[in-house]
Amino acid sequence: MTRRQRYNLAVMKLAWMLALTLAARLPAQDVFGSTIWPVIERDCLGCHNTKLKMSNLSLASGAEALAGGKRGSTIVPGDAAKSRLIEALRQTGSLRMPPGRVLPEVEIAAFERWIREGAKWPESQVAKSAPKPNHWSFLAPKRPAEPAVKNAAWPRNAIDRFILARLEKEGIAPSAQASRHTLARRLYLDLTGLPPTPGQLREFLADQRHDAYPRLVEKLLASPHFGERWGRLWLDQARYADSDGGSRDEPRQLWKYRDWVIDALNRDQPFDRFVVEQLAGDMLPDATPAQLTATGFHRNSPIQIEAGTDREQYRVEAVVDRVDLTGTVFLGLSAGCARCHDHKYDPISNREYYQLLAIFNSTDDWSEARPRYDARLHNLHDVQGPLLRFGTPEQLKQWDETYQRMLSLQKGKENEKEFARLKASLPQFPTTMIMRELPEPRETYIMQGGDYLRKGDRVEPAVPAFLHAATGKMDRLAFAKWLVDPANPLLARVTVNRIWQQYFGRGIVETENDFGTQGTPPTHPELLDWLATEFVRSGWSQKAIHRLIAGSAVYRQASEVRRDLDERDPRNLLLARQTRLRLDAELVRDASLVASGLLTETIGGPSVFPPQPDGAMSASQIRKEWTESKGPDRYRRGMYTFFWRVTPHPALIVFDSPNSMVGCTRRNRSNTPLQALTLLNDAAFFEMAEALARRLEREEPADAAKRLERAFEICLSRPPKPYEVDKLRELLAAEPDTGWNSAARVLLNLDEFITRE
Amino acid sequence: MTIEDRIELYRTRRFFFRDCGVGLGRIALGSLLAQTAPSAPRNPMAARQPHFPAKAKSVIYLFMAGGPSQLDMFDYKPALKKYDGQKPPESLMKGKKFAFMERMANQKMMASPWQFSQHGQSGSWVSELLPAIGGVADDIAIVTTMKTENFNHAPAKVFAHTGSIVPGRPSIGAWIAYGLGSESESLPGFVSLQSGPRGPRNGPLIWGSGFLPSAYQGVPFLPGSEPIFNLKSQPGVTPERQERALAALRALNEKRYEETGDDEIATRIAAYETAFRMQTSGPELMHLEGESKATLEMYGAEPGKNSFANNCLLARRLVERGVRCVQVYHTDWDHHSNIVNNLKRVTREVDKPSAALVRDLKQRGLLDQTLVVWGGEFGRTPISDGEPGTPNIGRNHHIDAYATWLAGGGIKGGRTVGLTDDIGFNPVEDRVHVHDLHATILHQLGMDHTKLTFRFQGRDFRLTDVAGNVVRKLIA
């Protein structure tokens, strides 16, 4: 026996003795009524009730409990050791209940004793209703009172009181406020994604009014770049891209949807409307073009179709993609786990998964009228499904007629030329992919094992029983309205948490896409609930939440690492300081563009083609052109770079931009040599460094010291320190012939330059 | 400790990735402040210990994209001669789905036009198309009963690399790099090489890192002296200038590190040093001229050319330098028609270099620690495709029994695993699913495929999904 085994045995013995002692202390009578039933009601019935019957097990009555579930018997009267229930409660094997917790020893011991004594279950003891599962995020948030704090001078709003109360409990003082230089750069980057220009910086530094800071917050919330910065993060979740994915990776037009998102955030469209229009704008009465455009959200699904494939399989995959993403984005739940079997940890049954799927299963994805795939027509609406077309009536008429003539041409060499001629003559106008409901809903069946060919029972659209109830006929629109019902315990929490994580690098719930029983608990549960209720109370105003967070004292702290907290809070969970965060991929480019003075500030429009390394398109099956944009379009913000899903721009991917094949609710922040090579040698970044050098020579032609100051103001929003001046002077002296080129490259490669401090 | 020491420590220290969701499930159970593992700065590619002692340190996966015909190369079916030209029995086709279903109605059984013979001490059957591979028969283990899930190229290829038909999951190479890091400090840990007329379908998605951090994605090497994007300095930036700029950069970053205490800066300083080393080691790697004439001839490699032969030689050079995983693609195996000419042509391109790789690794003592895998996303049917009765005949996609071979890295050479029926349509013994192959590859690298997980969207994902068994018969 190894030492470990001996140790384990000793622990087991001890636990056993303890259990016996504890059990002996219980009154002999009615252990069922005093302990067993209350625990079942509290911790089991949420999932194992007559209606939901997770893993085919119900504990609503004695008869059902004894019948067992999918894994066989649950209770063997008289034999606790053989009862799966005890195995689950003791968590000795793979089955662990209740999810994410262990019952107190005294309760487990009571269960053991009850089973040993015959597991008597009074016939009268039957669950009258199916209670909600007992998990914090499934219960509606209640607005907590703001806690009292000792240091009453520190808090600037309610957020701070929640954070400070916790810090005071731990005896930790918050960090000092960051310098005004740092605060300006931080705010500009967080709210607009662009560092401040020297003019903008000086304006803030010169503003001596007591409310200069909140004024800056207001100014930036009103900036049209706010919608770009925060819109891009929404587009991560929407898996927005400019091509289909799949082996052909044909281009598509959805940039009108991208622009709709930017606009919706800029005008602070109430979040409930924002959700409803994206999920079901097409089903609203008299849907406007903007509302139709919004439904591009779920048309962002990749299209996998190619010759020889079974269309139905990929239509189903697209619907599955939408259901799973809906669960992740709006509920913070891994609904996709229930595709093949009942969810192992959260109360979503396999049947309920397909009831959800039924809600999304009646859209017209590609023309039902054309059963055969025809690669010649791939880019046209035949495969891409319903489109909203922004052409004149004449253009639309001409397009339709030409398309009909193309369809009438037989496939084959003899018609190739004519086909190409017609295709080239199609009038050009923007389009955008939209949702459209079929006139008659599709029938939906459970797919056994998740396999679309193995049909199980037929199901009707419905929402999961453990959440708030829905009324009336269930379809996509009813579902969207159900999602934004203030009774929904998840939507507001999940949304404010995602906003929060952008400001601090981590959500109040770290597992931002899993609020279920396997997720991490919130670090500040009351703060989360306060923010969630505040979000709804404000009329679902996202800007209201931004204003609160950006205005808080927590947010304004310095980000220097606190060595005094190395042991006690090394991950900064308590937020006794801010955090340095590397800029997102697009912002690395944007910051360089601002510094170089090259940035084109145009918002929206078709995606563009900035320079990229030769060979970036060589890996795809069908070679795509990458014709570099000329003129102002060469210098657009990173979020407008044309995104080929199969061959994305290398400078985006290398800095962790999402691949857009699945939705992304939190980006990774890696730190790699390929990033270094990109910033050092990539032609686009090199061009920006040279432009910065020319700009500095132009703006401060004579005075070397002033030029250095200017350089730091432009790149880092602060004056240089003496050693920095010395270092750069050394470099400039070593290379008298190349002007400021090297110095500019060094500045644009600094860790500080690509970091929000 | 000086800043110098700390940076050196971060560059070389063996530690696990702490901050990207790994093990969050466990953290959830603990109390909040118990999560106080000091946040180590992370070099995501630092080499790490496997779950148990490994047989292989590196993997080279020679991927034959398009569906190589196992019935014409590895799965010898003399009985097919008897049925040649007959209609396939209805029982065979019932309930099956094929690609290009509509063409299957008029097709006939098709025997292999090539001769098979037994090779080596072990007597493994290999056809005359692959004389060189036949020559290393005692070093390779052939599986004839591979099984995959989808009969179309794109999804099957995604499945072969990621264990899922839906693109977007991490590829096997990314999982391996995530699990083990890399032994190389001047080259990426996971490299993909391609030759042939076009990129494989789905391109970078099949060597992508999916939801794993992008540090683990395969880096495609381009032919020529600049294999990695942005490896070359811009014109006018001499090595001296580059070095001078980097020295200044380092000095300023170090100061910032002192001021902020943020270990990410240390990682970044180390990353810039690696990048600078890559600028030298990349071109040096691609410089095949330094190889002996005998070696070049053995592979059929010609310096400066983009060929499968060159890539096999590069693969050896990469694993020699500590790179963890190399994918080598050859992309022209989809022989629906004119299989007689087409298969002859492609086997001529890959036979010699594939065998040379095994021989070369062996003679350098590297085969023991390098696992070589050879195969495609599926195989081909014993039933014809194309236009029966004309030379324009080939075979359709087949997913129920196809061939893959493995060598080195603790694989028992000189054996054939799996038995198919008379006509090579269905497995009779030892079916090996793609998940099983993946589990086996990870096992040889010292990793338990059920424990190599990453938490994403609330679930612990793994390469083998919820399946996979290590194929014990393949292991020495």
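Student: Which residues of H23(A) do A:Val496, A:Ile499, A:Trp500 and A:Tyr503 in H21(A) meet?

Tutor: They meet A:Ile545, A:His546 and A:Ile549, where a contact is a pair of residues whose C-beta atoms, placed from the backbone, lie within 7 Å. Before we go on, note that this is a predicted model, in which local features need pLDDT of at least 70 and side-chain atom pairs count only at pLDDT 80 or more, while totals for chains, interfaces and linings use all residues. Residues are numbered from 1 along each chain as its sequence is written, and chains are lettered from A and ligands numbered from 1 in the order in which they are written.

Student: What angle do H21(A) and H23(A) make, and how far apart are their axes?

Tutor: H21(A) packs against helix H23, residues 542-551 of chain A, at about 35°, and the axes are 11 Å apart. Sorted by class, this contact holds six nonpolar residues, one polar and no charged.

Student: How long is H21(A), and what follows the helix?

Tutor: A helix here is a DSSP run (H or I) of at least four residues, numbered from the N terminus. H21 of chain A covers residues 491-504, and its 14 residues reach 20 Å from the first C-alpha to the last, close to the 20 Å expected at 1.5 Å a residue. After H21(A) comes A:Gly505, whose phi is positive, near 80°.

Student: How many residues of H21(A) are buried?

Tutor: A residue is buried if 20 or more other C-beta atoms lie within 10 Å of its own, and exposed if 12 or fewer. Ten of the 14 residues of H21(A) are buried, so the helix is largely enclosed by the rest of the structure. Among them are A:Val496, A:Trp500 and A:Tyr503, which also take part in the contact with H23(A).

Student: How many residues does each chain give where chain A touches chain B?

Tutor: Chain A gives 79 residues and chain B gives 67. On the side of chain A, H27(A) gives the most, with seven residues, and the residues of that side divide into 28 nonpolar, 31 polar and 20 charged.

Student: Which way does H30(A) run relative to H8(B)?

Tutor: H30(A) and helix H8, residues 239-260 of chain B, pack at about 180° with their axes 10 Å apart, which makes them roughly antiparallel, a word for angles over 145 degrees. Residues in this contact include A:Tyr723, A:Leu728 and A:Leu731 of H30(A), and B:Arg244, B:Leu252 and B:Lys255 of H8(B). By class, the contact has seven nonpolar, no polar and four charged residues.

Notes: Helix = DSSP H or I, 4+ residues; strand = E, 2+ residues; numbered from the N terminus. Expected span 1.5 Å × (residues − 1). Contact = placed C-beta atoms within 7 Å. Nonpolar A, V, L, I, M, F, W, Y, C, P; charged D, E, K, R; others polar. Axes fitted to C-alpha atoms, helices over the stretch in contact; angles between N-to-C directions. Parallel < 35°, antiparallel > 145°, perpendicular 65-115°, else oblique.
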